[in-house]
Structure formats: C-alpha cells, structure tokens
Amino acid sequence: MNARFSSSTAGVFAAADLGATSGRVMLGGVGAGRLDLTEAHRFPNTPVLLPDGLRWNVLGLFQGVLEGLRAAARSGPVTSVGIDTWAVDYGLLDADGSLLGAPYHYRDRRTEGAAAGVLAQVGAAELYRITGLQHLPFNTVFQLASAAGSTQLTAARTLLLIPDLLVHWLTGSVGAEETNASTTGLFDARAGAWSQDLLDGVGITPGLLPPLRAPGDPAGELLPHVAEFTGLPVGTPVTTVASHDTASAVVAVPATAPDFAYISCGTWSLAGLELDAPVLTEESRAANFTNERGVDGTVRFLRNVMGLWLLEECRRTWATQGRPVGLDELLAEAAAAEPFAALVDPDAPEFLAPGDLPERIRAYCRRTGQPAPGSPGAVVRCVLESLALAHRRTLRRAAELAGREVARVHLVGGGARNALLCQWTADATGLPVVAGPVEATALGNVLVQARAAGLVGDLDAMRRLVARTQPLRHYEPREDSAGRAAWATAADRIEPSARTT
C-alpha cells in the first residue's frame, strides 16, 4: 500500500494534469468512502517564443511527467496512470512516428485571419450544425488552415492532441480521446465521431486523425524504457481519462442534484451546463456557445470566458516592471476599491495575447468612456467584477438556450480559492455558489481511472464521493435590493464583444 494513503485505500492512481502555466503529477487514493489527493511533483509550463512563433516546450513537459511518475513510484504501488491537458493544440508525427517540430501555442498569432478561409469553404452555420463548437480563432481546424501548405503539415502522417501525444510517448499507442477531440472543430457533435464531410471540406488528409477513444478505455502500458526511468513496473496500465482538463474538472463537480451550473475557473472560465444532447440551434450559434463532449456521452454546453489569465497576466506585467505585488495584498486593495468604477468585456480580443494587460485594460476603459483604473487594486477590482458579470451573462444565456432552470453554481478549480470572485459571482448571478474542489481536474482524472479499475460507480456516484470527501465553501448572494440593483445596472453597461460569425 502507498505510504501516503490509509490502509483502506484500494487503489492509487497517478494523474498527470497539465495546465497553461504549470504541470503536476498528483496521486489519488480511492477506497470505500475515501478520495484522497496528494502532490507528487510540480513543474513549470513555460512557452518558448521562437522566430516563427510561440511554441509549447512539449519535451520539457514530457520530462516533467516522467519525473512526476518517478516521484509517484517512490511513494509506493501505482494502479494506473492518466493524462489530461488543455485543448485544441497538437503535435504532428511523420511516417516514422517522429515529432515534426514543437507544437504551436494557441495564443500564437498565426491563426489571425485563418477562420475566414474555412468559413468561406464550409459556412459558419454548417460548421456549427456539425460541430456545435464556439467560434474561437485558435480552434484546431483554424490552426490547420493556417498551416496549409507548410512543410510540416505536408510531411505529417498523424496528428495527436497534446494529451494523446504524451500518452503516445508513454505507451507507443495512437489514439484521440473524444472529450478533447470534440474541441477541434472536426468532430460531429451528434454522431460522436470525426466528421468526414468537414475533413473533406477543409482538405485534411485522410488518416491524419487517429481512432477515437472514450474515457475509461485502456490506452496501453508503459513502454519498457519509461518503466525503467520511472521505477514503475513494466506493464503499468495507462488509462484514457477525460483528457480535456475541463471535462475532467466537470467529472469532479460535487453536484448532488441535476439543476446545477458549473464554472471551471482557472486561466479560462468555462461556464455552462451539463446536458444529455447538444444544442445546435441558430440562437446557440449566434450566442457563441459550444457543445463539447463529456464523460458518458454527456455534453458540456458552455462558453469560454477569458478567466484568471487577466489577473495573472497583470501580476506578471507588474513583476516585470519591478513592482511585484502579492495576491493577498492585491485582493485586499481590490475589496477596498470603488465598486463598478470601470468594467471590461473579458473576451475582448485585445486581452488574448500576452503583454501589458494593465495598460490594455486602461486603454479599453478610455475607449469606452470610462475612467481608467490607476492603482493595481483598482485594476484587479475591474477584472474580478467584470469576470463575475461575464459569469452572470453566460450562465443566464446558457439556461435560456437549453431551456433549463439553475438553482446553484458550482465553481471549481483554482478560482475557488478567490473569495472575492466567488462572492461576487454569487451576488452577480443571484445564485448560491459552492466553491471547490480546487483540484477538480486532477480528481476527475483519478475518478475515471478508479472507475476503470472497478472502484467507483457511475458519474453520480463519483460526484457524491467528491461532495462527501472534499473541502467546499458556500457563498450566498447578498439579498439587499441596493446590491442587486447595482449588479443589474453594471450588467447593463457591458456590451459583450463576442464574435458571432
């Protein structure tokens, strides 16, 4: 038995969870009424700016995963391994299975204008009818369009999304996990399969996309040299999990009733509902909502909202300017700043790329006739109030489009630590907010592995286990009429700049 877990632990699962700024390998122990999580290893995820664009250091990430698995092996037996990461980005393999260059970062500017060519070929309405996908300039289909005719794409024989690439290097197997595949713009939302019509329409080479896998499917076993390096036994299984990190996070939403909305809040705020079928109406397309695959054939009906990237990029900018400010200090200053003095649309295109976010926020405010926030605390208040309003707008519209009633909001991920954002989200939406678990993505990864090992039941059972075992915080909306009116007035000031092509 793994020394970090109790004698009642029936299985220990290594969850490699890679986000936009860091990666980690977590160990999850699952037993009768138990779900424990501990960190084995953490490593940075630092993109590299090369002459031809912004790239992921995928070799460094894989090395971090290997080091994490080695740390996990030192702690005791490991039942299986699973990997989740962000969506849309990919690596290309040649006919020998070798990687053709470092994968591009979705924030790279090369996709600017690429969508127009795809939409001219396929049509926006037809693309949405098939994929149900939110229009984002970095969707995989647009990345491939921007690469058309390149030496790399011409030489490529296999495309692997980032988690599938890492699984391939662990096991030698090739596949595409369906929750991540559903983010590409090449996946049929109704059929749950690659869309041959779209592949033909945008000129994707037949066979470039590998066969699909579902969460819980076996992905293979650790290759001998991987087992030797990590110290894990030869034959240690690698399990396909919900490899899109948001899909894993939604698995671990501690909902005990169906009338919930969720916000997976980190670099992005993924805000929406869990449905049984996609919503592919023209109204949904115009509102720019996405229908992504979840575990057990569920649909994550949501909208990508620019999330705490805004806060973290502001902090990074201040640090590079020689003015580092601690997060607790910033939040205290934000709480004391003037309410609703300035608001922004978090999804405005000028906030997507790295750079001087505080100055871009001030420029947005000047352009929209608002006072530009001066102090860091005022900037952070602007960011967090704007995010809370975006949560309000997105969840209300999702409920309208899906014909659903929402009684509570589950906010999971790193944003659950931010008490100001959680309380303001409750105030803005007028709904109670249950914050936590913070480590929802890793927990979802572990739970899918545990179910494959026969240790937990269905999705409802997984969520009940999370609700019983993980620390949660509850935020009630403040009910005074003046506060409700202030949030309603602030909501009326924000005109979303969402693209509804």
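Reply: A salt bridge is a side-chain nitrogen of Lys or Arg within 4 Å of a carboxyl oxygen of Asp or Glu. This model is predicted. The structure holds 24 salt bridges.

Me: Which residue forms a salt bridge with Arg24?

Reply: Glu439 does, with the closest N and O atoms 2.6 Å apart. Glu439 sits in the loop between β20 and α17, and Arg24 in strand β2, so the pair ties together parts 415 residues apart in sequence. Glu439 is buried, at 19% relative accessible area. Arg24 is buried too, at 10%. Asp17 joins Arg24 and Glu439 in a network of salt bridges.

Me: Where do Glu385 and Arg381 lie?

Reply: Both are in helix α15, four residues apart, about one turn of the helix. Glu385 is buried at 1% relative accessible area. Arg381 is buried at 8%.

Me: What does Arg293 pair with?

Reply: Arg293 forms a salt bridge with Glu178, at 3.9 Å between the closest N and O atoms. Strand β17 holds Arg293 and helix α7 holds Glu178, 115 residues apart. Both residues are buried.

Me: Now the cysteines. How many disulfides are there?

Reply: A disulfide needs two cysteine sulfur atoms within 2.5 Å. The count here is zero.

Terms used
Residues numbered from 1 in each chain as written. Predicted model: local features only at pLDDT ≥ 70, side-chain atom pairs only at ≥ 80, totals over all residues. Heavy atoms only, no water. Helix = DSSP H or I, 4+ residues; strand = E, 2+ residues; numbered from the N terminus. Buried < 20%, exposed > 50% of the residue type's maximum accessible area, 1.4 Å probe, protein only.
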